[in-house]
Amino acid sequence: MGKSTLLKILAGLETPDGGLLSPRRGLRVGYLPQQDRFEAAPAGATVRGELSAALQDLGLQDYELDMRVEEGLAQAGFRDPGQAVAALSGGWRKRLAILGQVLREPDLLLLDEPTNHLDLDGVLWLEGFLSTQTFSFLTVTHDRLFLERVTNRIIELDKRYKDGHFSSAGNYSAFLEKRAALASAQEARQDSVANIVRNEIEWLRRGPKARTTKAAARIERAGELISELAELKFRNSQDKTVDIDFSGSERQTRRMVEAVKVEKSLGGRRLFGPLDLALGPGDKLGLLGENGSGKSTLLKLLAGTLKPDAGTLRQAENLRVVTFDQHRDQLDLDRTLRQTLCPNGEHVYYRGRPMHVAGWADHFLFRNEQLNMPLRELSGGEQSRVLIARLMLQSADLLLLDEPTNDLDIRSLETLEEAMAEFPGALVLVTHDRYLLERVCPRILALDGKGGGELFRGPLAMGEMEGRGRRLLGRGRPRQETRAVPWGIEGAQRDGGRHPRGREGPGEVTERP
């Protein structure tokens, strides 16, 4: 859709093909790209040094520069200003990049996917941080909860709108309401124009002669209506979304997978445990935690591809497990889209019925000319859709999804959300998409990567978890180390949402109502 390109044009980094860009004289614009410019930071680069360098061209006195840097360090939660940039995690490098732009006090800040690589604490920090600023900002993001909380206007770029975009005042909830109303009005207009055009075509077929001004005007008007109808049909056809519907086996085994006192360590560091976990049909568990906290490792244990260091993990007999890998390692990027979707012949079998590979590709918004393209030529979002298309051909008892939302547009996210909510088997979801977790997972397990974790339940699970995150953050400083504790989980549908032990105490995770 060109969202990143638009930001670059506004930042003066690219030139538009047409039109006129007229920034106010003296306008100071900040720009944060998606790419992590600190990923290959030179040796010796420090947090304080990078912030000072970001302010060098502003003509500040030394004391002014130092004061601004010190204030920024406190706001962003950096405890050690002399820490090497190379030693920072991806989330803290992202904070540093954002802070470097904000300290320049821009009139307009352009942010391209600012929540990428940020953990929950980082996103909460960014929401609060931006809310305290007085400058205007324009952000490209697929984080719907972020849009809900920090924006007062949303613009969607899409061919289904008359001018190629739709602008809505208000937050994300208001945007959804107005978008639905616009789509309904546009479809109604198409029906109305279609009826008028049918009458006008009948009149034209009778061969009216344009001898009068009135007849000539009606003929001209008929031509305009036919053009409008064609445009409406095109715009409304762009409303097509990815067709996602995971195949469940309808298996009713009470417990598909059960972990008893399971523990796992990596490199001498305990990730989690002892863990008690049972999943059955209809259970949907969300996993959250910083990079390296053990989320992907726990998925591998549940899939049976990794053994626990201690404890017992039991799977139901002939359990069918389907996994979405965030790194897309399951894809051979040298193979074509056709070969990947349908390795043998020209037909795939979905729910026992044959479908031509071209029709199957169309379900996921791929064009016929893309069938013979190698996967490496597809975008990240398109590669994610390829993985989802392959998963849908497999009937699953247990669905393990590791960051399935990466690179997906909001329309695809909405469809994926519906598919997960309706999946009849057990589902474990790793994602930083809080909006998705809130709507799909009645239980959310937060791992701290130090052996401990905390389980949140019920419709207020996300709010409770975020409240806990804010308390741990204190004044925006990084999370303090927490004591490793054992904890247990049972399916919410079977235990009424209460802790199986029915109490809190030393060595147990605190359950949220």
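Okay, so a salt bridge here is a side-chain nitrogen of Lys or Arg within 4 Å of a carboxyl oxygen of Asp or Glu. Keep that in mind, and keep in mind that what we have up here is a predicted model. With that cut-off, the structure holds 27 salt bridges.

Let me walk through a few of them. Start with arginine 68 and glutamate 105, whose side chains meet at 3.7 Å, N to O. Arginine 68 sits in helix α3, residues 62–76, while glutamate 105 is in the loop between α4 and β2, so this bridge ties together parts that are 37 residues apart in sequence. As for burial, arginine 68 counts as buried at 17% relative accessibility, whereas glutamate 105 is partly exposed at 48%.

Next up, glutamate 417 and arginine 144, with a salt bridge of 3.1 Å, N to O. This one links distant parts of the chain: glutamate 417 belongs to helix α13 (410–422) and arginine 144 to helix α6 (144–150), 273 residues apart. Are these two buried or exposed? Glutamate 417 is buried, with a relative accessible area of 10%, and arginine 144 is buried too, at 1%.

Then there's aspartate 397 with arginine 320, where the closest N and O atoms are 3.8 Å apart. Here we have two loops, 77 residues apart: aspartate 397 is between β14 and β15, and arginine 320 is between β10 and β11. Aspartate 397 is buried at 0% relative accessibility, but arginine 320 is partly exposed at 41%.

Okay, rings. The count comes to eight aromatic pairs. One of them is phenylalanine 78 with tryptophan 92: the centres are 5.1 Å apart and the planes are at 70°, so we call that edge-to-face. Phenylalanine 78 is in the loop between α3 and α4, tryptophan 92 is in helix α4, and they are 14 residues apart. Both of these residues are buried.

Tyrosine 350 and tryptophan 360 make a tilted pair, 5.1 Å centre to centre with 45° between the planes. Tyrosine 350 lies in strand β12 (347–350) and tryptophan 360 in helix α11 (357–363), so the pair ties together parts that are ten residues apart in sequence. Again, both tyrosine 350 and tryptophan 360 are buried. There's also an aromatic cluster, formed by Tyr161, Phe166, Tyr172, Phe175 and Tyr435.

The charged end of arginine 218 is over the ring of tryptophan 203, 4.1 Å from its centre. Likewise, arginine 385 has its charged end over the ring of phenylalanine 366, this time 4.9 Å from the centre.

Last stop, a sheet. In what order do its three strands come? They run β1-β2-β3, in an open sheet with parallel pairing. β1 (29–32) and β3 (136–140) are at the edges with a single partner strand each, so one side of each is left without a neighbour in the sheet. From one strand to the next, the twist averages 10°. Five bridges join β2, residues 108–112, to β3, and aspartate 112 stands opposite valine 140 in β3. Finally, helix α4, residues 90–102, lies across β1 and β2, running at about 170° to β1. That's the helix that holds tryptophan 92, from the edge-to-face pair.

How values were computed. Residues are numbered from 1 along each chain as its sequence is written. This is a predicted model: local features need pLDDT of at least 70, side-chain atom pairs count only at pLDDT 80 or more; totals for chains, interfaces and linings use all residues. Side-chain values use heavy atoms; hydrogens and water are left out. Two strands pair if DSSP finds at least two bridges between them. Helices (H or I, at least four residues) and strands (E, at least two) are DSSP runs, numbered from the N terminus. Axes are lines fitted to C-alpha atoms, for helices over the stretch in contact, and angles run from 0 to 180 degrees between N-to-C directions. Contact means heavy atoms within 4.5 Å. Buried means under 20% relative accessible area, exposed over 50%, partly exposed in between (1.4 Å probe, protein chains only). Rings of Phe, Tyr and Trp (its six-membered ring) pair if their centres lie within 6.5 Å; planes under 30 degrees apart count as stacked, over 60 as edge-to-face and the rest as tilted. A charge sits over a ring if NZ of Lys or CZ of Arg is within 6 Å of the ring centre and within 35 degrees of the ring normal.
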